[in-house]
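Biologist: I would like to learn how to read a few features of a helical model. Please start with the terms, then go to the case at hand.

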Amino acid sequence: TANSSKKTRLNGLTETRRTLVVMAPRPSVSPGQGVVLSKATDKPEEIISESSSESEEDEEPPDHRQEANADLPSEYWQIQKLVKYLKGGNQTATVIALCSMRDFNLAQETCQLAIRDVGGLEVLINLLDTDEVKCKIGSLKILKEISHNPQIRRNIVDLGGLPIMVNILDSPNKNLKCLAAETIANVAKFRRARQAVRQHGGITKLVALLDCGQNSSEPPQPSLYETRDVEVARCGAQALWSCSKSYANKEAIRKAGGIPLLARLLKTSHEDMLIPVVGTLQECASEENYRAAIKAERIIENLVKNLNSENEQLQEHCAMAIYQCAEDEETRDLVRLHGGLKPLASLLSKTDNKERLAAVTGAIWKCSISKENVTKFREYKAIETLVGLLTDQPEEVLVNVVGALGECCQEHENRVLVRKCGGIQPLVNLLVGINQSLLVNVTKAVGACAVEPENMMIIDRLDGVRLLWSLLKNPHPDVKASAAWALCPCIENAKDAGEMVRSFVGGLELVVNLLKSDNKEVLASVCAAITNIAKDQENLAVITDHGVVPLLSKLANTNNDKLRRHLAEAIARCCMWGRNRVAFGEHKAVAPLVRYLKSDDTNVHRATAQALYQLSEDADNCITMHENGAVKLLLDMVGSPDQDLQEAAAGCISNIRRLALATEKARYT
């Protein structure tokens, strides 16, 4: 059968007497050094520096050579003989050798390495430089198959194969364009290859392939889809998908006008075109510039439409693209308006495909940031399904499920629903993990649930507060901050909060020492926790002994409004013990607090006025406030619609005025 298939392939070939020059193999290059075949062209895409934070690590795998005395199958030796025919002979012999080589199973590593080990890659790449279309096609068909192997990919780059393939993208032969783009798609799986494609002008040429001659905004017709133009566009999208893992390439695609062309291709109903198009958009949507363009090109509507496809891979990439874009409030609204929440909720129940489930739960998490979307998810019974996914799922799914529940539990009805569905225990169980992203999300979810006293009783019974407290020792600042925020509602809603906090050995000292952190979010969250801890007099006395006053005072010179607000609240609460009011003045905390009144944030004004009111009980602090212009600023706030702010401002002014009157009186008597 192999012989008959070879004959069939050769029937259509025209023999010619023209002989091909025997081409010497290109010199091998050590890994990491590509052969520079042409001078750098003056293209805009070259000036973008390569991203150092790509998703894939550019690690060179060990070079795997077959042992000379290894027990190798006969195919290995047969392929090596064919490579020798490629190295010399006329065009017909070369084409016959290429056709014969394709009869082997080139997906097998043995066959792939057989071609490489005897210098076949150099010959195949050299054939791409000839003028013989049949030889180029034969060579590209083989390179396309064997470039699925990571070692072969790197060898192709080392031998300078990518610039030649990029040049072929300009060929008038559409079959050659397709094969070159598909091979580039396979090779550009690592950073150095993606960089080489961009530096040789490949991104602009690949984007040009996307333009399959449709000038209208109408969806492509099936008849048009059969044409080579659309197949060329599909192959171009496939290559761009591989290249788009790099930030520099994403920028190059955008600058080359790729987004409108991708948006137009997204209107097709053909899945083999849609998958690479959506895949490219999904990769690029991690960048702010792309998200704005995706909105402008009305791409969300088509992503939502394709969630209803039967193709699991397409559903996955559409959900992933929505996940990336839904950081933006307007996009979240668009997903809801175009009916995207219902298909997302229904896909939650299909748990066999974990990659798709991770993408769907991610999209639901980000969409849940908007309250209107949460209401819809509750209507579609998504919250109950999410609770059911808290066990026996991979971490990438759990991170998103817990993130979604954390957003949903900002509302009373959903907190009750999570408890009734038995969701508190699996959430608390996840507090013992080591995955940083999961810990950040699960602490937020547990904290959100703890707002309900009934939920808090369950969390306390399951030792959840101790687990949260232990996460304050986590090396990751995001985990520390999230745990500290979660402790606030726990302390606020616990039955005997003071005693509970004291029961954690070394817990209060740990919290106070976190005020030495350099991370603003950690500092803000710890200040918020201290505000709640200090409501208990015994605990306030303990943290005072641990030096909370000088540490809080040291933070006063900050411009961060979030930290200012919680720091001021902590200072106000800590004033209520011993001589702490005086100590804050001695540690120079008062003058910086007065400057907080110039902030644009009303929450900062309220917290600062309350802190100044407490501090104004000390005469020296009143003098400092007066010297720093506090009275004029506070007078403006007495007319605020916020009652707490009004009272605190008025109380502080009253104390300053009382001191001034007493001083005046003392002067005359």
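Modeller: A residue counts as buried when its relative accessible area is under 20%, and as exposed when that value is over 50%. Keep in mind that this is a predicted model.

Biologist: Which residues of helix α14 are buried?

Modeller: Helix α14 covers residues 247-255, and its buried residues are Ala-248, Asn-249, Lys-250, Glu-251, Ala-252 and Ile-253.

Biologist: Which helices do the buried residues of α14 pack against?

Modeller: Their partners are α10 (191-199), α11 (202-209), α13 (228-243), α15 (258-265), α16 (271-284) and α17 (288-296).

Biologist: What is found at the start of α14, and what follows the helix?

Modeller: At the start, a side-chain oxygen of Ser-246 comes to within 3.3 Å of the backbone nitrogen of Ala-248. After the helix comes Gly-257, with a positive phi near 85°.

Biologist: How is a pair of packed helices described?

Modeller: One gives the angle between the two axes and the distance between them. Take helix α8 (residues 161-168) and helix α9 (residues 174-187): their axes come within 8 Å and cross at roughly 145°. The crossing of α8 past α9 is left-handed.

Biologist: Which residues meet there?

Modeller: From α8, Leu-162, Met-165, Val-166 and Ile-168 meet Leu-176, Lys-177, Ala-180, Thr-183, Ile-184 and Val-187 of α9. By class, this contact has eight nonpolar, one polar and one charged residues.

Biologist: Now the loops. Is Thr-558 buried or exposed?

Modeller: Thr-558 counts as buried because its relative accessibility is 7%, and the cut-off is under 20%. Thr-558 sits in the loop between α36 (548-554) and α37 (561-574). Leaving aside neighbours within four places in sequence, Thr-558 is in contact with Lys-520, Leu-563, Arg-564 and Tyr-596.

Biologist: Which phi does Lys-381 have, and where is Lys-381 found?

Modeller: Lys-381 is not a glycine, yet its phi is positive, about 65°. Lys-381 is in the loop between α23 (371-379) and α24 (382-388). At 52% relative accessibility, Lys-381 counts as exposed.

Biologist: And what about Asp-392?

Modeller: Asp-392, also not a glycine, has a positive phi of about 55°. Its place is the loop between α24 and α25 (395-408). With a relative accessible area of 76%, Asp-392 is exposed.

Biologist: Which residues does UniProt list for "repeat: ARM"?

Modeller: The unreviewed UniProt entry lists residues 160-202, 506-548 and 588-621. In the model, residues 588-621 are 71% helix and 0% strand, and the end C-alpha atoms of this span lie 10 Å apart.

Note on methods
Residues are numbered from 1 along each chain as its sequence is written. This is a predicted model: local features need pLDDT of at least 70, side-chain atom pairs count only at pLDDT 80 or more; totals for chains, interfaces and linings use all residues. Side-chain values use heavy atoms; hydrogens and water are left out. UniProt positions are given in the numbering used here, feature names are shortened, and annotations may be inferred rather than shown by experiment. Helices (H or I, at least four residues) and strands (E, at least two) are DSSP runs, numbered from the N terminus. Buried means under 20% relative accessible area, exposed over 50%, partly exposed in between (1.4 Å probe, protein chains only). Contact means heavy atoms within 4.5 Å. A polar contact is a pair of N or O atoms within 3.5 Å; within protein, one must be able to donate a hydrogen and the other to accept it, and residues adjacent in sequence count only if both atoms are side-chain atoms. Axes are lines fitted to C-alpha atoms, for helices over the stretch in contact, and angles run from 0 to 180 degrees between N-to-C directions. A crossing is left-handed if the near helix is turned anticlockwise from the far one by less than a right angle, and right-handed if clockwise. Ala, Val, Leu, Ile, Met, Phe, Trp, Tyr, Cys and Pro count as nonpolar, Asp, Glu, Lys and Arg as charged, and the others, Gly among them, as polar.
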